[in-house]
Amino acid sequence: MRQAVIGLGLLVAAISTGSHSAFADEIADKIQLCAGCHGENGIPQQKTTPVIWGQNQGYLYIQLRDFKRGARKNDQMSAIAEGLSKDDMKALAAHFSGLKWPSIQQPSPSKDVTKHALTVIGSIGCTSCHLDQYQGDSTTPRLAGQQAAYLLKTMTDFRDHSRANNPGMSDLMNAAQPADLDPIAQYLASLTVIGGGGQ
Ligand code: HEC
Ligand code: HEC
């Protein structure tokens, strides 16, 4: 009897080890797929594709979940998220949040553009949630050093509700004028990244 119990324990251990490495292989394949658009070195191929290396873990998970649920829609990402399980999304969020945010070195905007951006940012109070270095935390995303064209696109999407997964951010974006969004995007994109992921 005792031996049978030990035998069963070993069998369970063997099965779970086996399935663990199959899962690890599957995740490694998915990470390769992500690199096709989000970049082999963390620098996305397209300017409107966001950096995900070093982004905050809780935020990454929520976006994948929202793409899968349909709360956030994008032709490319919705199709990809459809094929992900909850465990896949957790593993991918843990993986990408642990990588070092890439340095894209986007140009600093002119003094006038910076002043415009800071006036709006100050009046809406963006740093109360995104924090003083725009590094975010947990489910609030890092904005510093994100791609300018992506920031402009996603803030516009929040504003017109084509990105509808966070009504609070849509309300905040509607407190800004359309002409404010490009200065804000350029300003945030140019910031030096402090403490991203594996840094
Ligand atoms: C075919 C190109 C493509 C592939 C492959 C791809 N993505 Fe994306 N991803 C995008 C685009 C484009 C967006 C921006 C969507 C938008 O504008 O709303 C995005 C957005 C995201 C976001 C939201 C980031 C943010 O700052 O809000 C996350 C998280 C993400 N992708 C994770 C992944 C993961 C993980 C994989 C691999 C399983 C992956 N993506 C594969 C193109 C892709
Ligand atoms: C009350 C807290 C709060 C304030 C204030 C706030 N945000 Fe956000 N912001 C969030 C949260 C939470 C998210 C993530 C939403 C989601 O899960 O999709 C977000 C998302 C974003 C995104 C999307 C980033 C990405 O990678 O897709 C941008 C851009 C952004 N905020 C810019 C701003 C700007 C600019 C301001 C000020 C004008 C601002 N936010 C004010 C909480 C806030």
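Glutamine 106 sits in the loop that runs between α4 and α5 (111-124), where helices (H or I, at least four residues) and strands (E, at least two) are DSSP runs numbered from the N terminus. This is a predicted model, in which local features need pLDDT of at least 70 and side-chain atom pairs count only at pLDDT 80 or more, while totals for chains, interfaces and linings use all residues. Residues are numbered from 1 along each chain as its sequence is written, chains are lettered from A and ligands numbered from 1 in the order in which they are written, and side-chain values use heavy atoms, with hydrogens and water left out.

With a relative accessibility of 17%, glutamine 106 counts as buried, a class that means under 20% relative accessible area, as against exposed at over 50% and partly exposed in between (1.4 Å probe, protein chains only). Leaving aside residues up to four places away in sequence, glutamine 106 touches Gly145, Gln146, Gln147, Ala148, Ala189 and Ser190, contact being heavy atoms within 4.5 Å. Its side chain has a polar atom 2.9 Å from the backbone nitrogen of alanine 148 and also reaches the backbone oxygen of alanine 189 at 3.3 Å. A polar contact here is a pair of N or O atoms within 3.5 Å; within protein, one must be able to donate a hydrogen and the other to accept it, and residues adjacent in sequence count only if both atoms are side-chain atoms. Glutamine 106 and leucine 191 lie 85 residues apart in sequence, yet their C-alpha atoms are 8.3 Å apart in space.

## Serine 190 in α9

Serine 190 belongs to helix α9 (residues 178-190) and is buried, its relative accessible area being 18%. Its side chain places a polar atom 2.8 Å from the backbone oxygen of tyrosine 187. When residues up to four places away in sequence are not counted, serine 190 touches Gln106, Pro107, Ser108 and Pro109.

## The chain as a whole

The chain holds nine helices and zero strands. Of its 199 residues, 39% count as buried, and among contacts with a separation of 6 or more, 71% are accounted for by residues 24 or more positions apart.

Helix α4 (residues 86-97) has 12 residues and reaches 16 Å from its first C-alpha to its last, close to the 16 Å expected at 1.5 Å a residue, the expected span being 1.5 Å times one less than the number of residues. The buried residues of α4 include Asp88, Met89, Leu92, Ala93, Phe96 and Ser97. They cover an arc of only 145 degrees around the axis, which puts them on the same side of α4; the arc is that of the directions from the helix axis to the C-beta atoms.

In α8, the buried residues are Met169, Ser170 and Met173. These fall within an arc of 105 degrees when seen down the axis of α8, so they line one face of the helix. The buried residues of α8 pack against α6, α7 and α9, whereas the face turned away from them carries the exposed residues Pro167 and Asp171.

## The shell around ligand 1

Ligand 1 has 22 residues around it, of which Cys34, Cys37, His38, Tyr59 and Met77 come nearest; a residue is near a molecule if one of its heavy atoms lies within 4 Å of it.

By class, the shell has 14 nonpolar, five polar and three charged residues, where Ala, Val, Leu, Ile, Met, Phe, Trp, Tyr, Cys and Pro count as nonpolar, Asp, Glu, Lys and Arg as charged, and the others, Gly among them, as polar.

## The shell around ligand 2

Ligand 2 is surrounded by 25 residues, the closest being Cys126, Cys129, His130, Tyr150 and Met169. Tyrosine 150 has a polar side-chain atom 2.5 Å from an oxygen atom of ligand 2, and side-chain N or O atoms lie 2.9 Å from a ligand 2 oxygen in glutamine 63 and likewise at 2.9 Å in asparagine 165. Two or more residues of the shell come from each of α2, α6 (127-130), α7 and α8 (167-174), and α7 gives the largest share, five residues. The shell around ligand 2 divides into 15 nonpolar, nine polar and one charged.
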